[in-house]
Amino acid sequence: MLLSYRNLTVSFGGPKLLDNAALTIDKRERICLLGRNGEGKSTLLRIINGQIEADKGELEAIPGLRIGKLDQEVPTDLKGTVFEVVADGLGQAARTIAEYHHLLHELGEHPDDSGIADRLDAIQHELDQTDGWALEHKVENILQRTELDGDQPFADLSGGNKRRALLARALIAEPHILLLDEPTNHLDMPGIRWLEEFLRKANIALLFVSHDRAFIQRVGNKILDLDRGQLTRWECDYDTYLERKAELLAGEAKQQAVFDKKLAEEEVWIRKGIQARRTRNEGRVRALKKMREERAQRRNLQGKSKLDLVDAQASGRKVVTIKNISYSWDSELLIRDFSTTIWRGDKIGIVGLNGSGKTTLLNLILKKLEPQSGSVTHGTKLEVAYFDQHRAQLDEKLSVAENVHPAGEMVTINGKPRHILSYLQDFLFTPQTSRSPITKLSGGERARLLLARLFLQPANVLVLDEPTNDLDIETVELLEERLLEYSGTLLLVSHDRSFLDNVVTSTIALEGDGVIEEYVGGCEAWLRKEDAKEAAPAATQPATDHAPPSPPSPAPKRKLSNKERETLKILPGKIKKMETELADLSEKMASAEYYQDPASDLTGDAKRLESLETKILEAYETLDALS
């Protein structure tokens with residue numbers, strides 16, 4: 001046993017986040033802490049780390065217990081090289097080592113500066129006297145294990161590598177227990193899988209919070225469930241926990257139903273039964289009072305979020321046409337000669353390494369950026385709703401309700417008016433929270449708030465950039481269900497493998513150096529290809545005297561008939577003519593004057609519009625086949 005808490009109690013004015021809870025962490029356990037947003041998971045981690053104090057609780061721990069912690073957010077005030085940031089985890093003892101490395105760099109840039117050389121000699125002598133070189137070796141060792149370049153400025157790292165450097169800083173002091181709060185946020189998929197393998201091999205105890213179900217299943221060997229102030233320990237993996245928890249909740253619901261029925265019967269007895277008797281059964285009265293107290297203290301399971309998308313008119317069959325686009329940023333080629341067509345109802349995942357250009361590709365598709373070559377063409381009747389991963393759409397000066405609907409207290413959902421406070425309760429915001437400033441919200445609550453704002457917009461194209469970050473698992477699963485039911489077009493950037501595999505029908509992968517490939521289904525095919533790339537150098541066979549096998553002969557191509565050649569020749573012009581007619585008709589039907597003119601043939605024009613869309617789609621399919 002490394003650490004044990006008994007009777008742990010914490011409250012911040014409302015319901016108790018921890019109510020006489022118990023917690024034990026043993027050596028080499030990898031415990032996943034689960035619970036809804038706002039249940040108190042991050043609070044529990046801060047208590048264990050000594051950042052805040054519990055209202056009550058008895059702590060028992062081994063002498064000299066060391067705890068490391070990796071927070072959700074990357075600090076913005078860290079300066080210096082990766083070596084200096086990591087070494088800072090050793091405290092004052094390592095700052096001399098960090099200064100030594102800093103002076104070495106300065107001496108390399110100013111070799112004739114005697115002041116730097118003298119200071120370097122003095123520090124070197126100090127390290128010789130205090131055995132400081134052992135600390136340097138420790139820092140170099142952890143940098144090697146985490147595959148980091150110690151000489152690189154911390155500020156120049158990608159978001160994923162910054163988190164890797166902070167993990168190294170947490171590990172440098174050789175903690176007995178490592179606390180991780182949403183460790184996969186802002187990591188790309190290769191980074192997440194590296195972290196999985198690293199943690200599985202680490203000889204330390206883990207307590208981590210995560211919404212990434214694939215990560216939980218691969219890393220966690222125990223589950224700690226925080227529900228209504230109580231901590232319940234499950235000695236199993238995540239999938240088994242889900243089955244057992246569902247059985248537990250079903251049993252709890254049955255017990256409560258029996259209890260409530262009995263209480264209702266006793267309430268009838270106390271009101272009516274004693275009228276026919278002169279004396280009361282005092283024991284039965286006392287039992288009733290005890291049942292009332294027990295019912296008053298019961299904390300019911302919090303209701304589920306209700307994520308209902310607002311219906312919008314259907315877009316045209318062809319949503320976006322991308323032809324040979326290329327885009328570079330700071331002389332780095334992100335996208336090279338990429339072409340694709342997005343059709344109505346497509347659910348497309350966009351994946352790639354951090355910095356590969358996923359958000360850039362989204363902005364090109366939405367025409368927020370202009371490609372440096374090629375073209376992006378939108379179809380008709382597009383209504384786009386966009387979820388921003390940086391939460392930039394939220395105004396810190398406004399309340400929760402004002403951020404969702406600043407224009408008044410009533411919102412319209414599928415043509416029906418609703419009060420904003422009632423609407424926000426669907427997203428688990430109480431009326432009191434809805435009137436409060438958003439500065440009090442957790443990361444998960446901010447994500448739910450942005451979803452509440454997004455789902456007020458009628459949209460036939462949903463664009464979601466990392467929507468699952470900070471959400472609890474239950475809300476992620478509910479969002480999955482709604483997206484599967486959604487009849488419009490979805491563009492989804494995410495690093496959550498389970499979420500992608502469950503939702504998308506195809507995947508666009510940015511593979512570096514401007515190369516973009518498309519895959520059917522979720523991200524598994526792309527990940528298998530990435531694994532094959534990594535395995536390829538190790539699998540390379542030494543050269544032999546045998547001649548290399550000849551490449552397979554290409555399949556013979558069938559010659560086009562005269563009629564097909566003529567069709568191929570005239571089809572582009574025919575498509576252009578139909579697209580022009582479609583655009584003109586759409587513009588005509590979009591004007592107010594069209595509906596005021598009694599001569600307008602609304603039914604006939606609508607049928608013509610649908611017919612043109614179908615014929616254009618068929619023409620493009622024929623053109624592709626003949627080409």
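**Buried, paired and lined**

Guide: Let us begin with helix H11, where Lys 358, Thr 360, Leu 361, Leu 362, Asn 363, Leu 364 and Ile 365 are buried. Please keep in mind that this is a predicted model.

Visitor: What makes helix H11 count as mostly covered?

Guide: Helix H11 spans residues 358–365, and seven of its eight residues are buried. Buried here means under 20% relative accessible area.

Visitor: Why is Lys 318 called buried?

Guide: The relative accessible area of Lys 318 is 15%. The cut-off for buried is under 20%, so Lys 318 is buried. This residue is found in strand S10. Leaving aside residues up to four places away in sequence, Lys 318 touches Thr 341, Ile 342, Trp 343, Gly 379, Thr 380, Glu 579, Ile 616 and Tyr 620.

Visitor: Why does Glu 140 count as partly exposed?

Guide: Its relative accessibility is 36%. Buried would need a value under 20% and exposed a value over 50%, so Glu 140, at 36%, is partly exposed. Glu 140 sits in helix H5, residues 133–145.

Visitor: How do you know that Glu 140 touches Phe 83 and His 101?

Guide: Contact means heavy atoms within 4.5 Å. Phe 83 and His 101 are the residues that Glu 140 touches, once those up to four places away in sequence are not counted. There is also a C-alpha separation to look at: Glu 140 and Ala 87 are 53 residues apart along the chain, and their C-alpha atoms are separated by 9.3 Å.

Visitor: How do you know that strands S1 and S2 pair?

Guide: A pair needs at least two bridges; S1 (residues 3–10) and S2 have five, so they count as paired, in the antiparallel sense. You can follow two of the bridges yourself: in S2, Thr 24 is the partner of Ser 4, and Leu 23 is the partner of Tyr 5.

Visitor: What about strands S1 and S4?

Guide: S1 and S4 also pair in the antiparallel sense, over five bridges. Ser 4 has a bridge partner in S4 too, namely Glu 60. In general, strands of a sheet pair through backbone hydrogen bonds, either parallel or antiparallel.

Visitor: In what order do the three strands of this open sheet stand?

Guide: The order is S2-S1-S4, with antiparallel pairing. Strand S2 (18–25) and strand S4 (56–61) are at the edges because each has a single partner strand, which leaves one side of each without a neighbour in the sheet. Direction ignored, neighbouring strands here are turned by 10° against each other on average. Six of the eight residues of S1 are buried, so S1 is mostly covered. Helix H1 (residues 41–48) lies across S1 and S2, at about 125° to S1.

Visitor: What lines the second largest pocket, and which residues are closest to its centre?

Guide: The volume of the second largest pocket is about 430 Å³. Of its 21 lining residues, Lys 318, Thr 377, His 378, Gly 379 and Glu 579 are the closest to the centre. Strand S10 gives the largest share of the lining, five residues. S10 (318–329), strand S13 (373–378), helix H19 (562–589) and helix H21 (602–626) each supply at least two.

Visitor: What is the lining of the second largest pocket made of, by residue type?

Guide: The lining divides into eight nonpolar, eight polar and five charged residues.

Terms used:
Residues are numbered from 1 along each chain as its sequence is written. This is a predicted model: local features need pLDDT of at least 70, side-chain atom pairs count only at pLDDT 80 or more; totals for chains, interfaces and linings use all residues. Side-chain values use heavy atoms; hydrogens and water are left out. Helices (H or I, at least four residues) and strands (E, at least two) are DSSP runs, numbered from the N terminus. Axes are lines fitted to C-alpha atoms, for helices over the stretch in contact, and angles run from 0 to 180 degrees between N-to-C directions. On a 1 Å grid over the protein atoms alone, a cavity is a set of points where a 1.4 Å probe fits but cannot get out, and a pocket is an open set with protein on both sides within 12 Å along at least five of seven lines; lining residues have an atom within 4 Å of a point. Grid points are joined across faces, edges and corners, and a volume is the space filled by probe spheres set on the points. Ala, Val, Leu, Ile, Met, Phe, Trp, Tyr, Cys and Pro count as nonpolar, Asp, Glu, Lys and Arg as charged, and the others, Gly among them, as polar. Buried means under 20% relative accessible area, exposed over 50%, partly exposed in between (1.4 Å probe, protein chains only).
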